[in-house]
Amino acid sequence: MSNTKLFEDFDKSSAIDWKNQILKELKDKPFENLITKTPEGISIKPFYHKDTSEDSKVNIQNQVQKFNDALPARYWANQSKVVVKSEKEANLSALEALNGGAEGIIFVIEKADINLDTLLKDIQPEYCMISFESNDPFYSLISQYLNYISAHGIDSKKISGFYHCDIIEGRDAGIIGINAKDFENIAELIRHSDEYPDFKPLCISSNLFHNSGSNITNELGLLLAKSVEFFDKLTDLKLELNKILKSTIFSFAVGSNYFFEIAKLKAFKFNLLKIAEAYNSKIGPDDIFIHCNTSIRTKSALDFNVNLLRNTNEAMASVMGGCTSLWVQPHDESAGKPSSPTFKRIALNISNILKEESHLDKIVDPSKGSYYIETLIKEISSASWKLFLELEEDGSYDHHFENGNIHQIIDTDAAKAEQNLWARKNLMVGANTYQLIGEKISAYLDTEESGKSLEAKRLTSTIEHMRYRVEKLVEEKGENARPMAQIVLLGTDAISKAKSDFAYSFLGIAGIGISSEKIIKDLDEETSMDKKAKIIVLCYAETPKNLSKFIAKQKGLVLIAGQEPNEAELQDSGLYACINRNADTKKFLDQLLKDLGIALI
């Protein structure tokens, strides 16, 4: 191998050198113009450098698997969920998933009375991860499962899995009520955890926070507060925190903000270790069990196949962030449809591909040494820690839930996210950009969410219901009933084209189709509206002289893409409105559909 040092001939560049070069390129524009603020209040800089990087100690290294020399260094269990309605059918589904590449099964149960002999027939728990999930707490089933392991002569120290039932989350979602007995049941399972060290009977979840609309820093701050609520109640029952943490699964929904989601998982570990230290616990990073689900919040029922790309992004962020267990929700199920076997297999293969083709199991932690990610970890951990301390100073998590503080935090975040979606600051393919006009969506959008504050909701749900208004009309009366618009460009310049592209996506939010796009030199040129079009959209770089006269001649609704200082005067001539990024998109499109005779549902 050559000993040539390739970079010796290059001068080293400092952070100051980089900034000076950027300022030179910007000319008279301020450097601050390149800094963007996220909903979490974090400033994203145009570059990150070693000179200004944060302390890399915040980037806690991912776990290295040590239990099997035949496996690669990095390991996470590829999970498949099986809903148990019939034990026999669930058993067949579980075996099929295991044979298809799953390394773990999460049985979703609705009752405690389960025949485990039938459910687990031909399944070897010592060679795969067996877990259970429910909304109502069924602790007797978990005890029954552990007794099943013993009765069948299986080494309890070789089994792995968890019970995914966060009773506080169930209470917060309005599904169940909780009492002291629930914590006593959890404590009893934890007391016997030495007998089954890799089975986790306690679940502490941030899924509801994320899927209800919380931003990342608030999600972590709330999760830390809820974790301490669990710790306090269980330590009051004479349990040590070491034992509690080693019996706990921390469950996360992971969204599509790739680098932030990696940093979120790492920041949580960093902060959790600080809490453990306050309890005089000697817990280590490798004792923290992270289970990740792909997000419900980031999916859309519109052009739902795009959810496959979102799932892949989220699964990769989960792995890079250090998850121990991963479930990828089938992307058609995310859109509100019953999942098909094909889509279940695709979801399972995402994690398999990350291992077998991307080789993420061969590298322990690719994020180590990334100045950007390590800065994000530092800022997210600091902001979430600040919220956690503020909550703790004013009472327990339960106190803040009862007085509405939790709801207010999440509602504020959710409202900002929805506002950014409608304003197209946050682009989601199929919903507010590059829409698939004409797709059949009414079959699975006939009901809205309950309206509860803490509830898993797709961010795009309000756009979906606007689209449903149009698609329901088309379903009943045929495609000719769809409102259509004609785009008219005055020239082929870049500005006119950009305004045309904006009009496509803006009107597409409401399911309004584009009948044609016509390019003319000026408004004196003979221009007739398509017979199908009820709307004409004008796109130009410079305001034409005879604009008012042209508008007055049109029979349909006339829109101008962009802004006009004399919009009120043009409306007197018959202009319907100007459409631009400053418009209240939801309010405008609601009124437009109403004026087109498409009623609210």
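Which residues of helix 6 are buried? Before we get to that, some ground rules.

## Ground rules

This is a predicted model, in which local features need pLDDT of at least 70 and side-chain atom pairs count only at pLDDT 80 or more, while totals for chains, interfaces and linings use all residues. Residues are numbered from 1 along each chain as its sequence is written, and side-chain values use heavy atoms, leaving out hydrogens and water.

Helices (H or I, at least four residues) and strands (E, at least two) are DSSP runs, numbered from the N terminus.

## Helix 6

Back to the question: the buried residues of helix 6 are Asp182, Phe183, Ile186, Ala187, Leu189 and Ile190. Here, buried means under 20% relative accessible area, exposed means over 50%, and partly exposed is in between (1.4 Å probe, protein chains only). Look down the axis of helix 6 and its buried residues fall within an arc of 160 degrees, so they line one face of the helix. That arc is taken from the directions from the helix axis to the C-beta atoms.

Now for an open sheet: 5 strands in the order 13-12-14-15-16, with parallel pairing. Two strands pair if DSSP finds at least two bridges between them. Strand 13 (513-520) and strand 16 (575-579) are at the edges with a single partner strand each, so one side of each has no neighbour in the sheet.

Strand 12 (residues 484-490) and strand 14 (residues 535-539) pair in parallel over 5 bridges, and Gln486 sits opposite Ile536 in strand 14.

## A loop residue

Lys521 is in the loop between strand 13 and strand 14. Is Lys521 buried or exposed? Lys521 is exposed, with a relative accessible area of 75%. The C-alpha atoms of Lys521 and Ala383 are 55 Å apart, and these residues are 138 residues apart along the chain.

Strand 9 (residues 248-254) runs parallel to strand 10 (residues 289-294), joined by 6 bridges. Phe250 has Ile290 as its bridge partner in strand 10.
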